[in-house]
Each structure stands twice: as C-alpha cells, then as structure tokens.
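Reader: Could you take me through the enclosed spaces of this model, and then through the aromatic rings, in one connected account?

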Amino acid sequence: MQKMAKAYTKSTGVKVQVYYSSDTVAAHLATKYASGDPYTISMVDAKDIYSLAKEHAVDLSKESWVSKTDQAISIDGKTYGFPVSVEARGLIYNATAIEKITGKTFDPKDYSTLTKFKELLKELKAGGMTAPTGVLKEDWSLAAHYLPQVYEEQTDPSAFITKLHDGKVDLNKNAKFTSLMNTFDVLKANNYAASSAVSADREVTEQKLAEGQIAFMFGGNWDWSVINQYKYSKNMGIMPVPQNTSDGSNEKLVGGGSKYFMIDSSDHTSDTQRKEAKAFLNWIVDTKAGQSFIVDDCSMVSPFSNNKLAVSDPLSASVKEYADAKKLIPNYNHLPDDHYTILGADFQKYLAGQENRSDLASSIESYWKTAKVSTVSE
C-alpha cells in the first residue's frame with residue numbers, strides 16, 4: 001500500500017500517506033478520535049463499520065461503485081463500508097496429494113456429505129496417508145472461524161444469537177451445532193497431531209498441507225500467505241465443510257467482504273479530503289491500475305463485478321468461483337470482541353480431549369447469556 005500511495009501521488013498529484021497500527025481497530029481509532037486527528041480513510045473490520053460508522057463515517061450511498069458489489073455495508077439504508085476484498089473459509093484441500101493415492105481426479109463436489117468424506121479419508125489412510133487432516137489450534141481459527149459457522153448456517157443468525165442470549169437454545173439439540181461438530185470430530189480424529197493437538201504449530205500444519213503430507217485443513221484463502229512459503233502443490237483449493245445435510249449449506253463456503261474502508265465525517269477532515277478520498281475509492285474500482293493493485297499486488301479477491309482480473313493463488317481462485325456463483329453463506333459480523341478468546345479457550349479444551357461436546361455446548365450457552373448482543377439495523 002505504501003508503494004501504491006507513492007505511485008498514486010505521482011499520477012494524480014494527491015498526497016496519500018499510509019499508516020499502520022498493531023492495536024485493535026476500536027482502541028486505535030478511539031485514540032485518534034479523542035485527539036481530534038482521525039484518518040481521512042480508515043481500513044477496519046466489518047464489525048467496526050457497524051459500531052463506528054453512524055457517528056464517524058460519510059454516507060457513500062450515491063457512489064457509482066455501490067451498484068457493482070453486493071458486499072458493501074449499509075446501516076439504516078445508508079452505505080458506509082467500502083469492501084476491500086472477499087475472503088471465505090471452508091476445508092482447504094491438496095488435490096495433488098489426494099489424486100496420487102486414489103488415482104482419480106479429485107472433485108470436491110463428490111465429497112460434500114460427511115459420509116462420502118469419511119469414505120475418502122478411509123481410502124487415503126489405506127493408501128498410506130496415516131493421518132489425512134490437520135486442525136489449527138489457534139483460538140481465532142476455532143472460535144472466530146469454525147464455531148461461528150454454527151450461527152451463520154441458522155435460518156436467521158441474529159434471531160438465533162438473541163435466543164442464545166436469552167438462554168432459549170439447547171445446542172446439543174441444535175441440528176447445525178450437531179452437524180458441524182460431527183464434521184469437526186472427524187477432522188479431529190484424523191488429525192496428524194491428534195496426540196498433541198493444542199501444541200501443533202500452525203506453520204508445520206500448513207507446510208504438511210502444502211507439501212501433501214496431509215490432504216485437508218479447515219481455513220481460508222488468507223492461509224495462502226503461509227502455504228506459499230513452502231514447496232506447495234499447485235492443485236489446491238477450498239471446498240465447503242462436508243455435512244450430512246439437505247439444506248445446501250454443504251455446497252457453499254462461508255464468507256464475504258473482508259476489511260472495509262470508511263471515510264471520516266468529522267470537522268477534522270476537510271471537504272477536499274473527503275472528495276479526494278471518494279476519488280481514491282473509485283480509482284480502486286474503475287481503473288486498470290486500481291484493479292491490478294487489489295488483485296495482482298495485494299493478491300486479494302475483488303468484491304466488484306467489473307474487476308475481471310484472474311486471481312493468482314488457488315485458494316482465492318476457489319473463493320472467487322463460489323462468490324461469482326453466489327454460493328457464499330454471509331459472515332455473521334457482530335461477534336463480541338472477546339468471543340474468540342473466551343470460547344477459543346474452551347474449544348481448545350475440546351480439541352485436546354479435556355472436555356466433551358456437552359461441556360463445550362454449555363460453555364457456549366453460558367458465554368452468550370452475558371454477552372453483548374448487537375442491535376444494529378442493516
């Protein structure tokens with residue numbers, strides 16, 4: 001982005017500076033607002049748009065790019081969030097490793113059910129792949145990516161969360177929790193690091209997947225930044241989490257817009273700055289240089305329909321395929337900040353065999369009874 005900023009300034013004459021902070025978005029921006037020195041454009045997560053935009057962001061509803069994406073964030077009918085990329089999660093696979101054992105072309109659609117997936121794992125093990133799966137032990141992977149799918153696959157995720165908050169959900173009797181945990185149990189049982197699951201190193205797991213020592217790992221297209229550091233197989237991709245279900249959720253990835261730009265609305269930002277900020281967003285969407293910046297330089301999947309550039313890495317190629325086919329289950333963007341740290345620790349206990357499924361369900365139910373539930377109107 002810093003390289004792009006210099007090129008953009010040289011091309012347009014508009015000075016662009018890029019700043020970075022390792023603090024959480026909400027904490028960092030709170031400091032900037034308090035000091036009267038907000039950024040003209042801030043890159044934030046979706047949940048930050050919902051919590052900050054009405055007070056701090058410009059309404060972008062009339063911008064031409066709004067009609068070119070279905071990932072923009074609107075609140076009460078006003079568009080505040082400009083989507084920077086599309087990310088999605090599912091089961092990452094190494095087709096090369098699979099085909100080496102099975103001797104036939106791997107088509108992920110053939111293994112959308114847990115029953116068929118288990119048959120494939122059995123075949124891989126019989127063919128010499130002792131443990132075909134890897135499970136990331138990180139709390140964000142377990143409780144910010146896998147567990148939320150239980151919420152996201154509900155008919156009405158927000159209503160489901162409200163019921164959890166009100167203590168009206170018995171997860172052990174919930175079809176989605178049961179289905180997704182059944183799949184997780186299969187991944188867990190076939191994990192190469194099953195005996196030391198909570199000490200398995202992420203880089204080791206991703207290296208094993210990249211090089212074909214294992215065939216599957218739950219994750220997202222962001223994992224390519226780790227996988228590509230190794231001698232990876234070129235025939236890789238992401239498939240939906242296999243489930244024995246008939247509602248079609250096992251034919252879709254979970255994902256959508258990831259990282260959003262919002263433009264400051266305060267008196268500390270001038271109208272000229274806001275005008276140039278809008279022009280910058282249009283540059284990303286409508287110019288060859290802007291489109292190439294997102295796809296080629298940043299290796300991201302563009303959320304805009306007019307960007308026809310092919311993405312370079314196979315995981316993002318999978319995501320784009322599902323996104324273009326409208327086969328993405330939307331992210332639930334209102335998880336409390338402590339959701340993945342608290343429930344991630346509980347999920348790690350489950351992964352390590354230190355608690356059973358009923359215990360994990362109880363922990364999740366207890367958490368939501370005191371959690372803050374979003375009331376934002378989309």
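Author: What follows takes the cavities in turn and then moves to the aromatic pairs and the charges over rings.

The model is a predicted one, and a search of the whole structure finds 2 cavities of 30 Å³ or more. The largest cavity holds about 60 Å³ of space, and the residues that line this cavity are G134, V135, L136, S141, L142, Y146, F184, L187 and F218. Two helices, helix 6 (139–146) and helix 9 (175–189), each supply at least two residues of that lining, and helix 6 gives the most, with 3 residues. Taken by class, the lining of the largest cavity consists of 7 nonpolar and 2 polar residues, with no charged residues.

The second largest cavity has a volume of about 30 Å³, and its lining is made up of Y33, P38, Y39, S42, H56, M262, I263 and D264. Here the classes come to 5 nonpolar, 2 polar and 1 charged residues.

Turning to the rings themselves, a pair of aromatic rings is described by the distance of the centres and the angle of the planes. The search of the whole structure finds 24 aromatic pairs. In one of them, the rings of Y8 and W283 have centres 5.1 Å apart and planes at 75 degrees, and because planes over 60 degrees apart count as edge-to-face, this pair is classed as edge-to-face. Y8 belongs to helix 1 (residues 2–12) and W283 to helix 12 (residues 271–286), so the pair ties together parts that are 275 residues apart in sequence.

Both partners can also be placed by their accessibility, for which buried means under 20% relative accessible area. Y8, at 5% relative accessibility, therefore counts as buried, and W283, at 16% relative accessibility, counts as buried as well. Y8 and W283 are also members of one aromatic cluster, which is formed by Y8, W65, F82, F261, F280, W283, F293 and F304.

Definitions and conventions:
Residues numbered from 1 in each chain as written. Predicted model: local features only at pLDDT ≥ 70, side-chain atom pairs only at ≥ 80, totals over all residues. Heavy atoms only, no water. 1 Å grid on protein atoms, 1.4 Å probe; cavity = no way out; pocket = protein on both sides within 12 Å on 5 of 7 lines; lining within 4 Å. Points joined across faces, edges and corners; volume = space filled by probe spheres on them. Helix = DSSP H or I, 4+ residues; strand = E, 2+ residues; numbered from the N terminus. Nonpolar A, V, L, I, M, F, W, Y, C, P; charged D, E, K, R; others polar. Phe/Tyr/Trp six-rings, centres within 6.5 Å; stacked < 30°, edge-to-face > 60°. Buried < 20%, exposed > 50% of the residue type's maximum accessible area, 1.4 Å probe, protein only.
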